[in-house]
Amino acid sequence: MTARENHRSARADTVVDPDPDAAAERVDDGIEEGALITVFGRCTVEYDGRASSTLGPGDRHVMLKPDGSILVHTDEGQQPVNWQPPGCTQDAELADGDLRIRSRRSTPDERLDVRFERVIQISAFAVDDASELAISGTEEDLRERILDDPELLEAGFTPLATERQTSAGAVDIYGEDHSGRTVAVELKRKRVGPDAVGQLRRYVDALERDLHDDAELRGMLVAPSVTDRARELLERNGLEFVSLTPKTSE
């Protein structure tokens, strides 16, 4: 390995080619300090929780955020290949001569282990960002658009409630069609895949258990677009899709 290089300022601390012991210490210190930490190097990734997965050796970029989230990125795509959400417990240690970063979540029980056989660079940033992102085109905008003009979904649709609680969660819009059939509407502000279909299916199943036996139920997913796989699942489950954006184009 090359000699260690440190670049320090009031805002950042970067270490290049650290030995494993120094790498573990720096990451652990950064976690304690509440820093935003990035680690680049050759690593393996193992996940165990709702499923299990293993990612073999490769050069990857790992980001640990002060809110407890962790993201593992490769050199392709915008989405991480593995991740854990905010609220997880993070730690770093030396394990069999390698840097090992662990992220643990209690509900549900999940574990993400990243083991580096070589660390090329670690950076820890003291982040000061009190500004809030101003978002336009939210799901709330989409809901208000439909409530203002229910026939955007279909002629004769009547909203009866929003955030209607079920055993599977809250239905975004609960209503009736022109024939009096119950309609559960799930809203998404952007293109969605199979997960959104599964969510809607759970809501419909929960409503079928809650309502009287002869109730007729429809499930409707509302989003700008869906993936081909999501469209197949909608058809297979007898669910419907309406293409609608949060705001009309000006």
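**View 1. Arg143 is buried, at 11% relative accessible area.** Buried means under 20% relative accessible area, exposed over 50%, and partly exposed in between (1.4 Å probe, protein chains only). The model is predicted: local features need pLDDT of at least 70, side-chain atom pairs count only at pLDDT 80 or more, and totals for chains, interfaces and linings use all residues. Residues are numbered from 1 along each chain as its sequence is written, and side-chain values use heavy atoms, without hydrogens or water. The side chain of Arg143 meets that of Glu140 in a salt bridge, 3.0 Å from N to O. A salt bridge puts a side-chain nitrogen of Lys or Arg within 4 Å of a carboxyl oxygen of Asp or Glu. Glu140 is partly exposed, with a relative accessible area of 38%. Both residues sit in helix H2 (residues 139-148). They are 3 residues apart, so about one helical turn separates them. Helices (H or I, at least four residues) and strands (E, at least two) are DSSP runs numbered from the N terminus.

**View 2. A salt bridge joins Arg102 to Asp91.** The closest N and O atoms are 3.1 Å apart. This pair links distant parts of the chain: Arg102 belongs to strand S8 (residues 98-105), Asp91 to strand S7 (residues 89-95), and 11 residues separate them. Arg102 is buried, with a relative accessible area of 18%. Both partners also belong to a salt-bridge network, made up of Asp91, Glu93, Arg100, Arg102, Arg111 and Asp113. Across the whole structure, a search finds 24 salt bridges.

**View 3. Glu110 pairs with Arg105 in a salt bridge.** Here the closest N and O atoms are 2.8 Å apart. Glu110 counts as buried, at 2% relative accessibility. Arg105 counts as partly exposed, at 24%.

**View 4. Helix H1 (residues 20-33) packs against strands.** H1 has 14 residues. Its end C-alpha atoms are 20 Å apart, in agreement with the 20 Å that 1.5 Å a residue should give. The expected span is 1.5 Å times one less than the number of residues. Ala22, Ala23, Ala24, Arg26, Val27, Gly30 and Ile31 are buried in H1. These buried residues pack against strand S2 (12-16), strand S3 (36-48) and strand S4 (52-64), as well as S7, S8 and strand S9 (110-125). Contact means heavy atoms within 4.5 Å.

**View 5. Helix H3 (residues 194-210) is covered by strands and a helix.** H3 has 17 residues. From first C-alpha to last, H3 reaches 25 Å, close to the 24 Å expected at 1.5 Å a residue. Its buried residues are Ala196, Val197, Gln199, Leu200, Arg201, Tyr203, Val204, Ala206 and Leu207. Their cover includes strand S10 (158-166), strand S11 (169-176), strand S12 (182-187) and strand S13 (217-223). Helix H4 (228-236) is also part of that cover.

**View 6. Val185 lies in strand S12.** Val185 is buried, with a relative accessible area of 0%. Leaving aside residues up to four places away in sequence, Val185 touches Leu153, Phe157, Val171, Asp172, Ile173, Met220 and Val222. Arg145 is 40 residues from Val185 in sequence. In space, the C-alpha atoms of Val185 and Arg145 are 13 Å apart.
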